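Here are my notes on the model you sent. Please read them with the structure open.

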Amino acid sequence: MVNVAMLAFILRKKIGTFLDGEFYRSLGKTAISSLAMGGAIFLVGHFLPWNDMSSFYLRLRFLAISITLGMATFLASAYLTRNSEMMMVIAALKRRIKAS
């Protein structure tokens with residue numbers, strides 16, 4: 001943490017303010033998307049509880065469902081909140097599809 005603080009201080013002296021309002025808005029939108037993802041994974045655990053004694057395939061199914069639903073929820077939430085990073089990814093995908 002000390003190293004990050006020192007580097008941030010040095011960077012700010014060299015280039016000026018670099019953590020502007022857009023950074024904090026994006027951070028808030030990412031936090032909202034992360035909370036939505038956590039909620040989705042919590043619901044999977046509620047309706048399909050983890051059991052250490054179950055078979056490998058049942059545990060694998062739990063993990064696959066949790067990961068897939070969590071990822072889908074995060075991506076959908078980031079898109080709905082118009083997270084700037086998500087919009088950049090979508091624009092890059094559109095350019096790549098158009099170039100193909």
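The points below go from confidence to fold, overall form and surface.

1. Confidence. This is a predicted model. The mean pLDDT of the protein is 91. 100% of its residues reach 70 or more. Among the elements, helix 3 (residues 56-80) has the highest mean pLDDT, 94. Helix 1 (residues 2-15) has the lowest, 89.

2. Fold. The secondary structure comes to four helices and zero strands. Along the sequence, the pattern reads α-α-α-α.

3. Overall form. The radius of gyration is 19 Å, whereas a compact globule of 100 residues would have one near 13 Å. The C-alpha trace spans about 55 × 45 × 20 Å along its principal axes.

4. Of the 100 residues, 12% count as buried. Now take the contacts with a separation of 6 or more: 57% of them join residues 24 or more positions apart.

5. Total surface. The protein exposes about 8,100 Å². Carbon and sulfur atoms supply 73% of that area.

6. Nonpolar patch. Which residues form a nonpolar patch on the surface? They are Leu 19, Phe 23, Tyr 24 and Leu 27. Together they have about 380 Å² of accessible area.

7. Leu 27. This patch member sits in helix 2 (residues 21-47). Is Leu 27 buried, partly exposed or exposed? Leu 27 counts as partly exposed because its relative accessible area is 48%, and that class lies between under 20% for buried and over 50% for exposed. Patch residues need over 30%, so Leu 27, at 48%, clears that cut-off.

Methods. Residues are numbered from 1 along each chain as its sequence is written. This is a predicted model: local features need pLDDT of at least 70, side-chain atom pairs count only at pLDDT 80 or more; totals for chains, interfaces and linings use all residues. Side-chain values use heavy atoms; hydrogens and water are left out. pLDDT is the predictor's confidence in each residue, from 0 to 100. Helices (H or I, at least four residues) and strands (E, at least two) are DSSP runs, numbered from the N terminus. Patches are made of residues with over 30% relative accessible area and no salt bridge: like charges are joined within 9 Å, nonpolar side chains (Val, Leu, Ile, Met, Phe, Trp, Tyr) within 5 Å. Accessible areas come from the Shrake-Rupley method with a 1.4 Å probe; for residues, only the protein chains shown count as cover. A salt bridge is a side-chain nitrogen of Lys or Arg within 4 Å of a carboxyl oxygen of Asp or Glu. Buried means under 20% relative accessible area, exposed over 50%, partly exposed in between (1.4 Å probe, protein chains only). The radius of gyration is taken over C-alpha atoms; the globule rule is 2.2 Å times the number of residues to the power 0.38. Contact means heavy atoms within 4.5 Å.
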